Amino acid sequence: MATNSSTTILQLNEVIVAVIPWPEYGHINPLFHIANFISSHNIPLHFISLIDRNQDLKNRAQNTSKIHFNDLLAPPLTQISEPRKDFADEFAFLEFLDKLGEPIYEICVEISKKAKKLVVIFDSLMTNVIKEVYSISNVECYSFHVISAFCMYSTFQQIVGEVKDGVARQVFDEMPEVEDCFGPDIFEFVKKERECNLNCGEFMNSCRELEGEYLDLLVKFRKKPLFGLGPFHMLQELPESSGNRSRHECVEFLDEQDVNSVMFVSFGTTTTLSREQMNELALGLEKSNHKFIWVIREADKKMETDKCGGKDWNFELPEGFEERVEGRGMVVRNWVPQMEILGHKSTGGFLSHCGWNSCMESISMGVPIATWPIQVDQPYNAVFVTNVLKIGIPVRSWARREELVTATTIEKAVRTLMGTPEGVEIRQRAMELSNKIKNSVSHGGLAHKERESFITCITK
């Protein structure tokens, strides 16, 4: 134990960790889970992100006292050659992000002066942005991949050719083509990412009970330590709920329903559906005669406002829809506690866009998924859920992605998952997998050991 203040400071600053996320909430949130997990081990931690993102995290998080937020000022979007007003497209903001490279480097240099070792944890999409950080003499870097191990391995196989590991590639009828999902820029991105791959290790929101085979294959291919630290939302025990805290209306609705009787419908924060598709979804849910909670995000409203030439639109559902489904279905137009909904005993299915964060949350709670992939890694996740894990059913076929998903198709999918023997078998497999994951993250489990191994790795 230290006996004087100067020695204490030296010991505390043996290692400092800086976390640099890609500035979109589907990427920020998982890295913020990691930041909280690392800081819980009394490791000084800096979270470097756009000022509005940091402020939002401070407002939402229950306790951020152990995290130091370093704010980045966003360059004016009007100065970008092709300005956009959101971060939905993974490659549209490279020019924007390049402007952040210098301030990120300067922040890391200042932090590095306070530690024997600075560990920089960054989203892999930021690889080119933070490349100057590698030049800091006492820095070690670890990259985070927001996608699944199955998706990452499958896309690498298509981009760089068959991996020579003696394991045949799994081929499914619905296996997507990488360019169709990620766009042509993916090839240049992977090239740059491999050129800058000076990392000491990598990690993902996954675990060996779920993707052990693909995590091992990636290690052979990437030749780097790879940690499966997921599910990220299980990195720490959640504090006990306050009895005085008001419960969300969705949870109160679920409290009144039978076990496994409610379909949760949500397409994330950046997914957009056309007005015509929204109408078909509404009619399909109505015709299914099953109970549901449907979350309509701001992204959907924004898309339709843009289509209307900038005019405000109230995002009306089919006339009389909400009245007809009253008591059976709930439409929510604001934030919902997704984890609390998925963990509720009345939730029996999840109609999802198959973002990997949502998949991990649903799988860990034992909730089967009706897959409706929209873009990027989601088609791969849908194949993984339906063809590999066999804990879901397809609603939207990626091969027919340009076609309207009809109310009849939606109705059939909901009825199958929620009210047939096939649906019961799928739910049983989902629950079995959930139990394995929960055992793994408990003390002594594989996931628990892997997390402690990661902490040891970054602090040694």
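I began with strands β8 (residues 262–266) and β9 (residues 291–295), which run parallel and are joined by four bridges. I took helices (H or I, at least four residues) and strands (E, at least two) as DSSP runs numbered from the N terminus; two strands pair if DSSP finds at least two bridges between them. Looking up Phe264, I found Ile293 as its bridge partner in β9.

A note to keep by me: this is a predicted model, where local features need pLDDT of at least 70, side-chain atom pairs count only at pLDDT 80 or more, and totals for chains, interfaces and linings use all residues. Residues are numbered from 1 along each chain as its sequence is written, and side-chain values use heavy atoms, with hydrogens and water left out.

Next I traced the sheet: six strands, open, with parallel pairing, in the order β10-β9-β8-β11-β12-β13. The edges are β10 (329–332) and β13 (392–394); each has a single partner strand, so one side of each lacks a neighbour in the sheet.

Then I looked at what covers the strands. Helix α11 (residues 275–288) lies across β8, β9 and β11 (347–352), and α11 runs at about 160° to β9. Axes here are lines fitted to C-alpha atoms, for helices over the stretch in contact (heavy atoms within 4.5 Å), and angles run from 0 to 180 degrees between N-to-C directions.

Last, I turned to a helix pair. Helix α6 (residues 149–160) packs against helix α8 (residues 185–195) at about 100°, with the axes 11 Å apart. That makes α6 roughly perpendicular (65 to 115 degrees) to α8. Phe156, Ile159 and Val160 of α6 meet Ile186, Phe187, Val190 and Arg194 of α8.

Notes
Angles under 35 degrees count as roughly parallel, over 145 as roughly antiparallel, 65 to 115 as roughly perpendicular and the rest as oblique.
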